[in-house]
Amino acid sequence: MGISIDVVIPSFRLIEHYLVPILRLERPAGVRVRFYLLSDNPAVAVAPAIAEMVNGTDVFLEVNPQNMGAAYTRNRGIESGNGDWVLFLDDDITVPNDLLLTYANAAAGAPDATGFIGLVRLPPPGKPFSDAILASGSMDIFTIAEHRKDFAWGATANIMVRRSAIGNIRFSEVYPKSGGGEDVDFFLKVRAANDYRNYQTLPQAAVNHPWWKDEAPDFKRPFRYGTGNALLPEQLPQHASRELPNTVETLLLTVVAALVAAVVKPALLVPIALFMAGILVIECIATTVQSIKRKAKADVRVYWYVILLRLSHDAGLLWGNLRRRKLQGITRRFNDNGGFRKSNMLRTNTYKIVKWILYPLLVWAAWSVYTSA
């Protein structure tokens, strides 16, 4: 085919049973393939099975001198090779043996494409928390290849990009080291540099991704994503807009109002307390309605976890702005303002409509309590 592919795999753990099958993927005839395995853990222990495959010819292992983060590590992988295409894969996926052939055929058929978004499948949920992750929509980008012919960005778990399309663009290191927002930033910037041509989706290039932490509840991940996403409006201002405060931001503003009221007019504390409680109730109602619309499993635990996932993400958004003293970032969101087409993954109106209906009623109730006191 006369095609060359650099496979970039950032890793911290170098787990043998995932990585060995990836490094043993079938090389298509006429395609030069090089694997760049990059560990962001200077103390990593390299399994003998992996070490034996590292030959400095088509399999390379590079270890960062210190923990530098996901963005730096992927950039190092980009710069280590010179292939026509760069295939990004996660270090904890299982792959079909013909994955490279699928990507090579796509590249041969569309040599000027910006890139190709593969499919990432999660196992059927075995616990309520996994059901909640699916119901929250936070992982919809994994399966975007099943629902769209093209899209503006994809998950670094399984996506191939033309090197000449990348040019001098790199993953920004302003985002959290452990990841969050840098993939959206990178792929949108590459797309913008290529006449805003979307990445083609390639559902045939399907990999399987396990659930994290054996499906145990974990709210650090959405919090981290929120922290990173707080940077997106600043880094991609063309995709930024103002929105009404989310629940966490509204609670913060209400706490500030309560502190002022405690000094200026203590009588306001009762309606303010009522308002705060109402905010949480409305959040529960709106999120549950949205979860039902997304056909979430009918389980109170699932709905509860979806609520906590949303609040964790929004708390991360707030913290991402507060820790950088970017108060102007509060209520500023990354979303579509005409730069790329929408999908249900990015935005849904059900949640906001319910809140817009209930918030005026809450304000009226709080005001009634105050005036009747």
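How many of the five residues of β4 are buried? Five of the five are buried (under 20% relative accessible area, with exposed over 50% and partly exposed in between, using a 1.4 Å probe and protein chains only), so β4 is largely enclosed by the rest of the structure.

Before going on: this is a predicted model, in which local features need pLDDT of at least 70, side-chain atom pairs count only at pLDDT 80 or more, and totals for chains, interfaces and linings use all residues. Residues are numbered from 1 along each chain as its sequence is written, and side-chain values use heavy atoms, leaving out hydrogens and water. Strands (E, at least two residues) and helices (H or I, at least four) are DSSP runs numbered from the N terminus.

Select β4 (85–89). Trp85, Leu87 and Leu89 are buried on one side, Val86 and Phe88 on the other. Strands pair if DSSP finds at least two bridges between them. β4 pairs with β1 in the parallel sense over four bridges, and Val8 stands opposite Phe88. With β7 (residues 158–162), β4 pairs in the antiparallel sense over five bridges; here Leu89 stands opposite Asn158.

Next, select helix α3 (residues 70–80), whose buried residues include Arg74 and Asn75. The buried residues of α3 pack against β4, among other elements.

Phe275 and Ile279 are among its buried residues. Both touch Thr250 (contact means heavy atoms within 4.5 Å), a residue of helix α10. Thr250 counts as buried at 11% relative accessibility.

Methods: Lists of a residue's contacts leave out its neighbours within four places in sequence.
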